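The sequence and the structure are shown first.

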Amino acid sequence: MIPTEELKKKVLEAENLQSNLNEWKEQLFVYKFALEEINTKLKILNEEYQYIHNHNPIEHMKSRIKSPASIVKKLQRKGIDITIENALEHIHDIAGVRITCSFISDIYTMYEAISRQDDIEVIRVKDYIKHPKANGYKSLHLIVKIPVFLSNHVEKVKVEIQIRTIAMDFWASLEHKIYYKFDKEIPHELQMELKNAAEAAHFLDEKMKKISDEVDLYKLEAMKI
Ligand code: 0O2
């Protein structure tokens, strides 16, 4: 049984949190505009690439604003006081875009194209493809800052861009579900199986790229005839 005083404290904390979350919603609207700008930029890059190289580097794109409740959980996980100022400073993925590409080479094509844009400032790169996480997770994570032009000022807004292949994405979505199903304590045998699956996904990425390159060679040969 929870003692009455402790229970009262918990109810008060929950009430404070709820009122914080409602205030936060108003502060987060600028992230929506940042996502709209990034989405437009990525769409243009993809179409231009298709026009010039006859190939779409982006298979699909998904963007989201992190819910205030998830922001609070992440602050708690990091051991940081729950304030909107801390959220804006320490949570880098309040606005997030996930780009899914066909091939690993497309991931770096997109990364370079994004970095070349004058108004985008890349402030952090985590390359989990060259340096996968111990569980097998692979993806390229960028934190960028993009200016949002409001009526009386310009705000530089942080956006997290995750770029991965379809195979990496398949693996990550399943791993994410398993992680939460086992309340973040995945049994050792399953961890090993996931690691093997990540290697299989990487093998598939390399194999598909090889096949695609061979198809390009066939096309070139056919043009010579
Ligand atoms: P959710 O539920 O997806 O939103 P930092 O930015 O350094 O303060 P952070 O944000 O943990 O800390 O950095 P990192 O490593 O770049 O991870 C950001 C996001 O990448 C995570 O967000 C996940 O979406 C994804 N990610 C990272 N590691 C893994 C992993 O091992 N498996 C899977 N499936 N996804 C991963 P959140 O907020 O942690 O989670």
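Trp 24 is buried, because 20 other C-beta atoms lie within 10 Å and a residue counts as buried at 20 or more. The model in which this residue is described is predicted. Trp 24 belongs to helix H1, which covers residues 4–27.

Leaving aside residues up to four places away in sequence, Trp 24 touches Pro 68 and Ile 84. Between Trp 24 and Ile 71 the C-alpha to C-alpha distance is 10.0 Å, while the two are 47 residues apart in sequence.

## Overall architecture

Seven helices and five strands make up the secondary structure of the chain. Their order along the sequence is α-α-β-α-α-β-α-β-β-β-α-α. Along the principal axes, the C-alpha atoms fill a box of roughly 85 × 55 × 20 Å.

The chain has 225 residues, and 22% of them count as buried. Of the contacts between residues at least 6 apart in sequence, 65% join residues at least 24 apart.

## Ligand shell

The residues around the ligand include three histidines, His 92, His 141 and His 176.

By class, the shell holds five charged, four polar and two nonpolar residues. Helix H6, spanning residues 166–181, supplies the largest share of this shell, with three residues.

Note on methods
Residues are numbered from 1 along each chain as its sequence is written. This is a predicted model: local features need pLDDT of at least 70, side-chain atom pairs count only at pLDDT 80 or more; totals for chains, interfaces and linings use all residues. Helices (H or I, at least four residues) and strands (E, at least two) are DSSP runs, numbered from the N terminus. A residue is buried if 20 or more other C-beta atoms lie within 10 Å of its own, exposed if 12 or fewer, and partly exposed in between; C-beta atoms are placed from the backbone. Two residues are in contact if their C-beta atoms, placed from the backbone, lie within 7 Å. A residue is near a molecule or strand if its C-beta atom, placed from the backbone, lies within 6 Å of it. Ala, Val, Leu, Ile, Met, Phe, Trp, Tyr, Cys and Pro count as nonpolar, Asp, Glu, Lys and Arg as charged, and the others, Gly among them, as polar.
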